[in-house]
Amino acid sequence: MAKKIEVRNLVKIFGSKPKLAVKRLAEGWSKERILKVTGQTVGVNNVSLAVDEGELFVIMGLSGSGKSTLIRCLNLLTKPTSGQILVDDENIVEYNKKQLRGFRQKKVAMVFQNFGLFTHRTVLGNVEYGLEVRNIDKEKRRKIALEALENVGLKGWEDKMPTELSGGMQQRVGLARALANDPDILLMDEPFSALDPLIRRDMQIELLEMQAKLKKTIIFITHDINEAFKLGDRVAVMKDGKIVQQGTPEEILNNPSNEYIEDFVKTIDRTKVVQAKNIMIRPNALVSIKDGVRVAIREMQANNISSVFVVGDKMKIAGIVTIDDCVEAVKNKRTSLQELLRHDYHKTTKDEFVENLLEDAIKTKYPIVVVNDEDRLLGIIVRTSILAGLLPNDSDAAECSA
Amino acid sequence: MDSLLSLFEFNPGIYVKELVNWLTVNFQGFFDALTVIINWIVFNIQALLASIPWFLFILLIFLLGWRLKNIRSGLGYAVMLAAIGFIGLWSETIFTLSIVITSVLISIIIGIPVGIYAAYNQKLEAILKPLLDGMQTMPSFVYLIPAMIFFGLGTVPAVFATIVYSTPPCVRLTCLAIKGVPEEMKEAAVAFGSSRWQALIKVELPQALPTIMAGINQTTMMAMSMVVISSMIGAKGLGENVLIAINRTDIAMGFNSGISIVFLAIIIDRVTQMISRKYERV
């Protein structure tokens, strides 16, 4: 995938003597020492990262970690002290006023923590804003804005004032306003932090659905590690203006780079991060639909199990048979598996989160089967592998059982 | 102690006097031109107000009060205005009103841009702050002296002194209002690629409007109080009657013109307040 955004050695110093602070940073002074001696605050400390096109990149950190400063550098609301920001291979830090305005109007849009809606304008007026400053004519921008509102599920609300809407709806307006410009890049600064938990969960799901359709490049800021791991294709964890670790949620979860990350990872609800593909195992026993009942019995006895999945052509899942049914069939001198097939097992896809598998896992007497789009068997999940997958900091467990 | 003080004797007033003299000598043409312009504005506003028959005026005020608030307020203002007419001070009131309107218009034209600029420019704000404090706390009579020297006696120095006295709240509240626009809203305006001008016109000013309107209300009230004082340098109107009443120790006349000023002030205050409240709902 092509690199959309590349940040190189970005530094942001707040204060009157930024150059001095940059020099001290290069000499290896700590953030605290620089503040104490020079009075300069280090906002972002030598950050480098690359974001691919269509990627949802989450920057996670606690307050004061510099994450909000970093995202504000990406559309130059904050001007970096040194370093480069390449978007489509152009260094936006060197843009002149006109180029910068063009960049903000067309390429990048921002969603704010407290929505940042213009309270003197209607919902429609807010969504139209970006188009209005580009001098797009009235008819056209109204049409685009109405479409954007429909996409976020706010059809019919266009003439209301933002203050008449609930928090969740206001942030939908914020999202519609950003999307109306059809930007390549979406900067989301803790967009869901001000919402209550239920609404937040809905919005997260909607964001993922939207992203699956639109494939924008999204930089998403959050202080909530669960949110970060749930949404992010990749996650960067920030502390004291630096990126402490970046990688996929799995990588960070299984190989925390230091104690700070480990502490974070402890608090995470792993059922929301671990997916079916992480815990599924290759079944030891498997029979083909063409095999007879006796083969099935032998397989089950050899592996000491009471049921076995039956597959057809190209590993397509056909059903499951139990040892009791098979023994019964042999007594009645019948050999075909076809009529013994049971279908009351649970199927799932490899991307399903364990959270959503728990209930099935408890209820079912058979393993859960993981299939792809064409119903081919990829693996199975037994109860013990779920438990093993949820054990913190233990990537070996899942692999052992596999 | 006295001798110690006299050792460091310092008379800043002398320099101000020098400055005023220097300005008078070197900028006479400028002051003359200002005199013509201000006279023209006051005259036209007065002519416009005077051309409205008194009963129509009262009706207008009634309607204004009714539409902006409720029928009781409308009635109240109409009765107050009528009372001024019955007392026999209608034409004086019209004249006072035209000076107030002129001064407020000019104050706004100066005050709002300066206030906006000060909101963006911390240095200017730092310079303006003590200046505005001084302008407001300096006894208003003091302004009458240079005003008189620049513009002679009559309406124009009255307008000048009134502007000096009543512009500060307009500047101050405009500056406050623009600075008070929520940071995220400003960021949003910039993030979507607005020019500075677009951000000001489309986001900051509309957001600041209620507070700016409160500033205009204050400016109007201060202009009203100054206009009365400025009759000391020959401005006609209600203040002149107060001055005559003082000279004659005529209690009846003093009360009549005093109560007329009160009524006029109440009407102006309520009407401007109601207008600014209209904007708050936006």
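In chain B, 75% of the contacts with a separation of 6 or more are between residues 24 or more positions apart. Two residues are in contact here if their C-beta atoms, placed from the backbone, lie within 7 Å. Before we go on, a word about the model: it is predicted, so local features need pLDDT of at least 70, side-chain atom pairs count only at pLDDT 80 or more, and totals for chains, interfaces and linings use all residues. Residues are numbered from 1 along each chain as its sequence is written, while chains are lettered from A and ligands numbered from 1 in the order in which they are written.

Let's stay with chain B and look at its elements. Helices (H or I, at least four residues) and strands (E, at least two) are DSSP runs, numbered from the N terminus. Along the principal axes, the C-alpha atoms of chain B fill a box of roughly 65 × 65 × 45 Å. Of its 282 residues, 39% count as buried. A residue is buried if 20 or more other C-beta atoms lie within 10 Å of its own, with C-beta atoms placed from the backbone.

Now zoom in on helix α8 of chain B, residues 140-151. Its 12 residues reach 17 Å from the first C-alpha to the last, close to the 16 Å expected at 1.5 Å a residue. That expected span is 1.5 Å times one less than the number of residues. Among the buried residues of α8(B) are Y143(B), L144(B), F150(B) and F151(B). What covers the buried residues of this helix includes α2 (12-26), α3 (28-51), α9 (155-179) and α11 (196-229) of chain B.

Why does I216(B) count as buried? Because 23 other C-beta atoms lie within 10 Å. Leaving aside neighbours within four places in sequence, I216(B) is in contact with I108(B), C170(B) and T272(B).

Where do the two chains meet? The contact takes 15 residues from chain B and 15 residues from chain A. On the side of chain B that touches chain A, α10 (183-191) and α11 each supply at least two residues, and α10(B) gives the most, with 6 residues.

Chain A brings us to sheets. Strands of a sheet pair through backbone hydrogen bonds, either parallel or antiparallel. In this text, two strands pair if DSSP finds at least two bridges between them. One open sheet of chain A has 4 strands in the order β2-β1-β4-β5, with antiparallel pairing. Strands β2 (41-52) and β5 (90-91) of chain A stand at the edges, each with a single partner strand, so one side of each has no neighbour in the sheet. Inside this sheet, β1 (residues 3-14) and β4 (residues 82-87) of chain A pair over 5 bridges, and V11(A) has S82(A) in β4(A) as its bridge partner.

Another open sheet of chain A has 3 strands, ordered β14-β15-β16, with mixed pairing. Its edges are β14 (347-348) and β16 (377-381) of chain A. Strands β14(A) and β15(A) run parallel and are joined by 2 bridges, with K347(A) opposite V369(A) in β15(A).

Note on methods:
A residue is buried if 20 or more other C-beta atoms lie within 10 Å of its own, exposed if 12 or fewer, and partly exposed in between; C-beta atoms are placed from the backbone.
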